[in-house]
Amino acid sequence: MKNITILIPAYNEEAIIDQMYERLTAVCAALLNYEFNFLFVNDGSSDGTLDKLKQFKKHDQRVQYIDLSRNFGKEIAMLAGFDHIQGDAAIIIDADLQQPPELFGEMLEWWEAGYDDVYAIRKAREGEKWFKKWASRVYYQLLQKVAKEKVYPQAGDFRLLDKKCIQALTTLREQERYTKGMYGWIGFKKKEIAYVAEPRAAGESKWKFSELVKLALDGITSYSTIPLKIWSIVGFVISLFAFAYLIFELIKTLAFGTETAGYASVIAGILFLGGIQLISLGVIGEYLGRVFIETKERPLYFIQEYSEEEEKQQKSNRDESGAS
């Protein structure tokens, strides 16, 4: 039978991880033609999430867990999972149960039909405020205009990936990751399915507004250099207006003489041009900062504990004691 890995990044999900495990086991029990293993990536949780995972592991050998040395963020946590997937395909799902595991069967059907990336889009979001829905729609419209590759609106990380997609993603090692853009960049044959996003079954969302803004900026700056080009054009247009105004003032001075009036307009012009310069420097600095981070070439994550290595070590110890 084909082996499918269910990848679940988790951060402080003690309140909901039991429900998540029960839903996973129930859904996978009905899919008799596949072998499943559940790979949890504990992203530096400070609650009892890791203890729960260890309990699951004791009575279910399908459970695997990676305990990262600290909280690296979901993007890095998923990469850590990709690096340790050994099955024929992987299904990525969040631990908050907003994404229904019952969709696994449909994903596997399309995968068997020849699709390498079966991604699920949110056709509705239950329990979300209108502002977040509106901001998400506007963001994806903007991203599609500036991106060179195709953008898939409302498509997150909930998807099935063939092993060739997983292998491709593991070769992309940049520090500032935007995995949603990488799915489109690597290509391969894709299939879209839809679902209704449910409210969190328990606990609170770990995404703060500032983190969502950072993720949005990562998407735009990772997809294209359009922001740099825009400010180059803005600078060129302002320079043309400034040069034209300079000629106008020169002609006016030669024809009518000098005037002492105009202090307010001069200050307004200085402040306006200064503001434009600071904004453009900020955009350039954003890209330069990314270059600086990438040139350090630091490891993307460190693992505190990996269940399969622990199991291998215990088995080796048992074999050695038995031989003696």
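## Close-up views of a predicted model

Leucine 97 lies in the loop between strand S4 (89-92) and helix H4 (104-112); helices (H or I, at least four residues) and strands (E, at least two) are DSSP runs, numbered from the N terminus. The structure is a predicted model in which local features need pLDDT of at least 70 and side-chain atom pairs count only at pLDDT 80 or more, while totals for chains, interfaces and linings use all residues. Residues are numbered from 1 along each chain as its sequence is written, and side-chain values use heavy atoms, with hydrogens and water left out.

View 1. Most residues other than glycine have a negative phi. Leucine 97, which is not a glycine, has a positive phi of about 65 degrees. With 3% relative accessibility, leucine 97 counts as buried (under 20% relative accessible area; exposed is over 50% and partly exposed in between, with a 1.4 Å probe and protein chains only). Asparagine 12 also has a positive phi, near 50 degrees, and is located in the loop between strand S1 (2-10) and H1.

**View 2. Stacked rings of tyrosine 21 and phenylalanine 56.** Six aromatic pairs are found in a search of the whole structure. Rings of Phe, Tyr and Trp (its six-membered ring) pair if their centres lie within 6.5 Å; planes under 30 degrees apart count as stacked, over 60 as edge-to-face and the rest as tilted. Tyrosine 21 and phenylalanine 56 are stacked, at 4.3 Å centre to centre with 10 degrees between the planes. Tyrosine 21 belongs to helix H1 (residues 17-29) and phenylalanine 56 to helix H2 (residues 49-59), so that the pair links distant parts of the chain, 35 residues apart. Both tyrosine 21 and phenylalanine 56 are buried.

**View 3. Tilted rings of phenylalanine 40 and phenylalanine 56.** The ring centres of phenylalanine 40 and phenylalanine 56 are 6.4 Å apart and the planes are at 45 degrees, so the pair is tilted. Because phenylalanine 40 is in strand S2 (residues 34-42) and phenylalanine 56 in helix H2, this pair ties together parts 16 residues apart in sequence. Relative accessibility is 0% for phenylalanine 40, which counts as buried, and 4% for phenylalanine 56, also buried. Ring pairs link Tyr21, Phe38, Phe40 and Phe56 into a cluster.

**View 4. Packing of H1 against H2.** The axes of H1 and H2 are 10 Å apart and the packing angle is about 30 degrees; axes are lines fitted to C-alpha atoms, for helices over the stretch in contact, and angles run from 0 to 180 degrees between N-to-C directions. H1 and H2 are therefore roughly parallel to each other (angles under 35 degrees; over 145 is roughly antiparallel, 65 to 115 roughly perpendicular and the rest oblique). Contact means heavy atoms within 4.5 Å, and Ile17, Asp18 and Tyr21 in H1 meet Lys52, Leu53, Phe56 and His59 in H2.

**View 5. Surroundings of isoleucine 17.** Isoleucine 17, in helix H1, counts as buried at 0% relative accessibility. Not counting residues up to four places away in sequence, isoleucine 17 touches Phe40, Lys52, Leu53, Phe56 and Ala95. The C-alpha atoms of isoleucine 17 and lysine 52 are separated by 7.5 Å.

**View 6. Helix H7.** Six of the eight residues of helix H7 (residues 179-186) are buried, so H7 is largely enclosed by the rest of the structure. The buried residues of H7 are Thr179, Gly181, Met182, Tyr183, Gly184 and Ile186. Glycine 187, with a positive phi near 80 degrees, follows H7.
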